[in-house]
Amino acid sequence: MSDSADTGFPHRHLLGIEGMLPPAISFLLDLADTYVEQNRAVDKKKSSLRGRTQVNLFFEPSTRTSTSFELAGKRLGADVLNMAVARSSVSKGETLIDTAMTLNAMHPDVLVVRHQDSGAVHLLSQKVGCAVINAGDGSHEHPTQALLDALTIRRRRGRLDGQVVAICGDILHSRVARSNIHLLNTMGACVRVIGPPTLMPRNIEELGVEVHHDMRKGLAGVDIVMMLRLQMERMQGAYVPSLREYFHFYGLDQEKLSLAKPDALIMHPGPMNRGVEIDSTVADDINRSVIREQVEMGVAVRMACLDALTRHLPNVGAPL
Amino acid sequence: MKRPANPGAEKGRLVAYLNARLLDPATGLDTMGALLTTGDQIADLGPSLFSGGVPSGVEVVDCGGHCLAPGLIDMHAFVGEPGAEHKESFASASAAAAAGGITTLICLPNTDPAIDEPAIVEYVERRARENSLVRVQPMAAVTKGLNGTEMSEMGLLVEAGAVAFTDGDRAVASARVMRRALSYSTLFGKLVIQHAEDPSLARDGAMNEGDVSTRLGLAGIPVAAEAMVVERDVRLVELTGARYHVAQVSAADTLEVIRAAKKRGLSVTCGTAPVYFSLNENAVNDYRTFTKVSPPLRTEDDRLAIVEAVKDGTIDVIVSAHMPQDVEAKRRPFAEAAFGAAGLETMLAVALTLHHSHGMRLNDVLARMTAAPAKLLGLSSRGVLRAGAKADLVVFDPEKPWRVDVDAMRGKSKNTPYEGLPLTGKVLMTVVDGLKVFDAKAG
């Protein structure tokens, strides 16, 4: 635990929120707060990661998250390399571990990894000498998204504990939902999940959430409405009969939103399907929608994660 | 004998049904007495009602000491609208239903196009409203186009008026699709009704697989094709907590599966049709295509097991399984002929054999066609004799013998396996919304 005494952050990697304790989460959020201010200043650049190499390894297409990580690394002074693996090595038959070993030989300091399979980032972290940040693995976790959501809520509401948060939509496939459930529960918020039974993972209540299939009941009196993207690309069969039926029962519109607290915030991890899970008038409601703020918080949170993890690293390269 | 376009005009109309044996399966009432209707509702009933005479301004119907019961609810009937109007229309099906004492017809979605869209539910309801003598409520498809792969818009279909979900004469064969459909259906609390027959096992089969099919040289459908689908579905019910119903059980093995599921407290129910407790596979002997039904007629042991299961309540409902077929569809070699039998006009009389030959009380037989389907489908004001309930009634003489005369049948298609056979128990009058829609005396 000497590390945590030194840096305030006891983890070598950021693979998930599950298992993280409140002080570690608060540490990252506090650090991220300072970066929010820095990012709003004219001079946005720091040099704490100067000389470090950050590789963004994305096995699944992503624009927002990879851009956010790239910007975060650059603002801290790191050399950032983006690799979209879907279009290179994997198509040539290279395995995940081969790719990891190859990259490891180039002595990166931080690997930011997104992969379509749950657990792939864990596997990779066991094979490399650098810090690994999970930028989303399958339906498992997306820790920086949960952290940026928490930062957004905390800055708006001053606290996380006691907030009633409804996470709505495709819970079954959502890594965002899982990471948020872990984080919000750890920090003392109360989490509800809302969706049709076909998009609800089994025994989800064991994670400490209230399950609602009726969105109107689920939204009653909540402080935060967190919408999820209905991931069309993940639909192998019809989990929902049609988009119009989905919107009818689970789309967030003014009428359903009116059941939440009058000042309830609306969040969405993006990209939004307007008219599928969220009505445009709601998404663009400047008084309640914090969707663009989430994007801003994303960069700050990722800077905090990069900063916290690189403080751990030895100043000499790890042996291969 | 069309229902008036505006039933409100009849609102204050009072009709007294006197000298009736009142039978209410929901409460077990079985007594001589009278019943009063106001407009489309039952206003009062009982043994002493009108004992002091009928006030003026009340129409009187003398039931002649015969039975007066809630109108029958048939949970499983094919009406060919839209797409197969030459086989049956709402006008012809409802005339047949009225003659059979049926006041509510739950129609199947395997029309063309299938009832898998809210707009088609609305179309069917409108057509029925304009053309049907009896109440019609549609079931909607479990899967789009009955394709067995994609779930239908169950929520929007329920809002449009669908009372249950089924793919009609097709099984939902994929366990994955069935799981999702069952799971999704829990949102709306409606039954998912399975045609329990594994299509890959039953393919090309024309009758029950056994010694009769062997002798006749016809491809058989084994009992396993039915029982295994129900076994699988019971597991899925356990997983999803859905309300599941087997449309028609034909075999003893299936009943064992259902008994065990009920014992475990699962929401598993089932129906059967009169053919399965009145006929067996020997009826196929001379290749009579009117006996080609789906599921197929089984052995005598199976038939007796069905009788027992109706008696002990394992089988919840009796349905007509009305499946009209035009002459050409049946006038073919047995293997090529279409499945299905007309059943609306004979349902009650054949069901009464359970009373006459197997010792069931009249109320218990009627419950399978009134209170039980009303409960399963959530039709709270029907299938019951109670003040405030809908005035949907049947007057029948359970002892009156008659012979099935196909020329006198009201349905468009005459494919009954009971052609020329004597039956006991005849419908004398049928009332829907307080209005007479069938009167045997009027013919």
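## A short tour of a predicted model

Leaving aside residues up to four places away in sequence, A:Asn273 touches A:Arg229, A:Leu230 and A:Ile278; contact here means heavy atoms within 4.5 Å. This is a predicted model, so local features need pLDDT of at least 70 and side-chain atom pairs count only at pLDDT 80 or more, while totals for chains, interfaces and linings use all residues. Residues are numbered from 1 along each chain as its sequence is written, chains are lettered from A and ligands numbered from 1 in the order in which they are written, and side-chain values use heavy atoms, with hydrogens and water left out. Let's start with A:Asn273 and then visit other places.

- You will find A:Asn273 in the loop between β9 (265-267) and α11 (280-283) of chain A; helices (H or I, at least four residues) and strands (E, at least two) are DSSP runs, numbered from the N terminus.
- A:Asn273 counts as buried because its relative accessible area is 17%; buried means under 20% relative accessible area, exposed over 50%, and partly exposed in between (1.4 Å probe, protein chains only).
- Its side chain makes a polar contact of 3.2 Å with the side chain of A:Arg229.
- A polar contact is a pair of N or O atoms within 3.5 Å; within protein, one must be able to donate a hydrogen and the other to accept it, and residues adjacent in sequence count only if both atoms are side-chain atoms.
- A polar atom of the A:Asn273 side chain also lies 3.3 Å from the backbone oxygen of A:Leu230.

**Where chain A meets chain B**

- A:Ser242 sits in the loop between β8 (224-227) and α9 of chain A, and with 17% relative accessibility it is buried.
- Residues up to four places away in sequence aside, A:Ser242 touches B:Lys144 and B:Glu153.
- The side chains of A:Ser242 and B:Glu153 are joined by a polar contact of 2.6 Å.
- A:Glu245 belongs to helix α9 (residues 243-250) of chain A and is buried, with a relative accessible area of 0%.
- Again not counting residues up to four places away in sequence, A:Glu245 touches B:Glu153, B:Met154, B:Gly155, B:Leu156, B:Tyr184 and B:Phe188.
- The side chain of A:Glu245 makes a polar contact with the side chain of B:Tyr184 at 2.7 Å and reaches the backbone nitrogen of B:Met154 at 3.4 Å.
- Within chain A, 31 residues separate A:Glu245 from A:Val276 in sequence, and their C-alpha atoms are 9.2 Å apart.

**A parallel sheet in chain A**

- Strands of a sheet pair through backbone hydrogen bonds, either parallel or antiparallel.
- In chain A, four strands form an open sheet in the order β2-β1-β3-β4, with parallel pairing; two strands pair if DSSP finds at least two bridges between them.
- The edge strands are β2 (79-84) and β4 (131-137) of chain A, each pairing on one side only.
- From one strand to the next, the twist averages 15 degrees; axes are lines fitted to C-alpha atoms, for helices over the stretch in contact, and angles run from 0 to 180 degrees between N-to-C directions.
- Strands β1 (residues 53-58) and β3 (residues 110-115) of chain A pair in the parallel sense over five bridges, and A:Leu57 stands opposite A:Val113 in β3(A).
- Helix α3 (residues 64-75) of chain A packs on this sheet, where it touches β1, β2, β3 and β4 of chain A, and its direction makes about 180 degrees with that of β1(A).
- Helix α4 (residues 96-104) of chain A also packs on the sheet, touching β1, β2 and β3 of chain A, at about 165 degrees to the direction of β1(A).

**An enclosed helix in chain B**

- Helix α1 (residues 90-99) of chain B is largely enclosed by the rest of the structure, because nine of its 10 residues are buried.
- Those buried residues pack against β7 (102-107), α2 (118-131), β8 (135-138), β17 (422-432) and β18 (435-439) of chain B.
- After α1(B) comes B:Gly101, which has a positive phi near 80 degrees.
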